[in-house]
Amino acid sequence: MNKSTERTLRADAERSVRAILEAAEQVLAEEPGASMEQIAAAAGVARTTIHRRFASRQALIEALATSAARRLAQAVDDGRPDTAPPLVAMHRITANVLQVKGAWAFALELSADPESEAALLHQDIARRCTTVLERAQADKLIDATADLDWVRRVYYALLGESLRGNDDADPDTLAARIVDTLLHGAGPRT
């Protein structure tokens with residue numbers, strides 16, 4: 001087999017896996033007990049294709065969780081948490097994360113084995129979030145005495161709540177609201 005044929009086969013396999021994972025997210029979000037056959041049908045692939053790519057339903061679920069966590073990590077990276085000004089990074093990351101969480105809500109809610117790639121990615125995301133908050137604190141955007149672990153948890157709660165009932169809201173608009181609420185609360189401006 002020549003290299004061009006190998007690349008074509010690899011690209012086909014990657015498209016297949018991507019289609020399966022996207023279908024799994026949609027189908028399982030509506031019906032968590034859906035079968036592999038239902039997922040295959042939604043992905044437009046044969047049941048044997050799913051079984052060739054994923055040894056079991058659990059393997060598919062783990063791949064789904066890992067894929068979603070990778071997308072979330074990329075969303076954080078794209079916000080330039082280490083180099084962009086903290087306020088800019090917070091806004092960009094928030095808008096990016098909202099898009100990923102909106103598209104991959106089911107997969108991102110899956111509980112992962114603490115040693116899994118998905119769990120390790122989520123730990124790294126939390127660490128990077130705290131780093132941005134530390135930078136914001138150094139820039140006096142967050143009170144010097146604030147508990148940044150608590151601030152991160154409040155930020156996560158704001159992200160989660162903003163996705164409920166705001167289907168028509170633009171991610172940038174929601175990001176602005178989240179960052180504003182995080183940094184200024186709901187009290188009157190003085």
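The protein contains 9 helices and 0 strands, and from the N terminus on its elements run α-α-α-α-α-α-α-α-α. Helices (H or I, at least four residues) and strands (E, at least two) are DSSP runs, numbered from the N terminus. The C-alpha trace spans about 65 × 40 × 30 Å along its principal axes.

This is a predicted model, in which local features need pLDDT of at least 70 and side-chain atom pairs count only at pLDDT 80 or more, while totals for chains, interfaces and linings use all residues. Residues are numbered from 1 along each chain as its sequence is written, and side-chain values use heavy atoms, with hydrogens and water left out.

**Helix packing**

Two packed helices are described by the angle between their axes and the distance between the axes. Here axes are lines fitted to C-alpha atoms, for helices over the stretch in contact, and angles run from 0 to 180 degrees between N-to-C directions.

| Pair | Angle | Axis distance |
|---|---|---|
| H4 and H5 | roughly 160 degrees | within 8 Å |
| H5 and H8 | about 45 degrees | 11 Å |

H4 and H5 are therefore roughly antiparallel to each other, whereas H5 and H8 are oblique. Angles under 35 degrees count as roughly parallel, over 145 as roughly antiparallel, 65 to 115 as roughly perpendicular and the rest as oblique. The crossing of H4 and H5 is right-handed, and H5 likewise passes H8 in a right-handed crossing; a crossing is left-handed if the near helix is turned anticlockwise from the far one by less than a right angle, and right-handed if clockwise.

In the second pair, Met-90, Ile-93, Thr-94, Val-97 and Leu-98 of H5 make the contact (heavy atoms within 4.5 Å) with Tyr-155, Leu-159 and Ser-162 of H8. The residues of this contact divide into 6 nonpolar, 2 polar and no charged. Ala, Val, Leu, Ile, Met, Phe, Trp, Tyr, Cys and Pro count as nonpolar, Asp, Glu, Lys and Arg as charged, and the others, Gly among them, as polar.

**The largest pocket**

H7 gives the largest share of the lining, 9 residues.
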